[in-house]
Amino acid sequence: MLYMCNDLIPEVNIYIDYLWMFGVPEPHIFEHSHDFDEVVCHIGGNPYNIEDLGAEIKFCVEGQPLVFNQTTAAYLPRGTKHGPLTWNKVDRPHIQMPIVLARAHWTRQRRLGIREMSLSLKM
């Protein structure tokens, strides 16, 4: 997991989290909203076909379920309800990359708790 935030680079005013997903994670992203804009990217790990995500994901936005298995990015304006985010299956590793487009409310300390959850993936 790599990321960028104001803790690492003062005044960057953006937060980037970069996670390799190797298996189906335990559910930990439930419906919520933010007071900032966010882009959530899911990027395929197949170098011969990066559009093939290698997973099937169900992501609800404003109560509308979206199911995808290709490289996808979702722009979520401030206040948009999103979640739950569920991996139905994972055939090969892929990247999840949320990008917060505001002064990062997410600090290094706050992310440590989420990092511990991310490391408890079901393989």
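Modeller: Happy to! Phe-30 is exposed, because its relative accessible area is 52% and anything over 50% counts as exposed. Keep in mind that everything here is computed from a predicted model. Phe-30 sits in the loop that runs between β2 (15–21) and β3 (38–44). Which residues does Phe-30 contact, leaving aside neighbours within four places in sequence? They are His-82, Gly-83 and Pro-84. Lys-81 also shows how the chain comes back here: Phe-30 and Lys-81 are 51 residues apart in sequence, yet their C-alpha atoms are 9.9 Å apart in space. Across the protein, 71% of the contacts between residues at least 6 apart in sequence join residues at least 24 apart.

Two of those contacts deserve a second look. The peptide bond from Gly-83 to Pro-84 is cis, with omega near 0°. As background, most peptide bonds are trans. Pro-84 belongs to strand β7.

His-82, in contact with Phe-30, is also among the residues lining the largest cavity. The space inside comes to about 30 Å³, and a search of the whole structure finds 1 cavity of 30 Å³ or more.

β4 (residues 52–61) is joined to β7 by 6 bridges, and Ile-57 stands opposite Trp-87 in β7. In the loop between β4 and β5 you will find Glu-62, whose phi is near 55°, a positive value in a residue other than glycine. As a rule, most residues other than glycine have a negative phi.

Trp-87 leads us on to Gln-96, which touches it. Is Gln-96 buried or exposed? Gln-96 is buried, since its relative accessible area is 9% and the cut-off for buried is under 20%. Gln-96 is found in strand β8 (residues 94–100). Not counting residues up to four places away in sequence, the residues touching Gln-96 include Asp-17, Leu-19, Met-21, Ile-29, Val-40 and Leu-85.

That brings us back to β2, at one end of the loop that holds Phe-30. β2 and β8 run antiparallel and are joined by 5 bridges, with Trp-20 standing opposite Ile-95 in β8.

Stepping back, the protein has 8 strands and 1 helix, and the elements run β-β-β-β-β-β-β-β-α from the N terminus on. Of its 123 residues, 40% are buried. Phe-30, where we started, is exposed, and its contacts with His-82, Gly-83 and Pro-84 opened the way into β7, where Pro-84 lies.

How values were computed:
Residues numbered from 1 in each chain as written. Predicted model: local features only at pLDDT ≥ 70, side-chain atom pairs only at ≥ 80, totals over all residues. Heavy atoms only, no water. 1 Å grid on protein atoms, 1.4 Å probe; cavity = no way out; pocket = protein on both sides within 12 Å on 5 of 7 lines; lining within 4 Å. Points joined across faces, edges and corners; volume = space filled by probe spheres on them. Pairing = 2+ DSSP bridges. Helix = DSSP H or I, 4+ residues; strand = E, 2+ residues; numbered from the N terminus. Buried < 20%, exposed > 50% of the residue type's maximum accessible area, 1.4 Å probe, protein only. Contact = heavy atoms within 4.5 Å.
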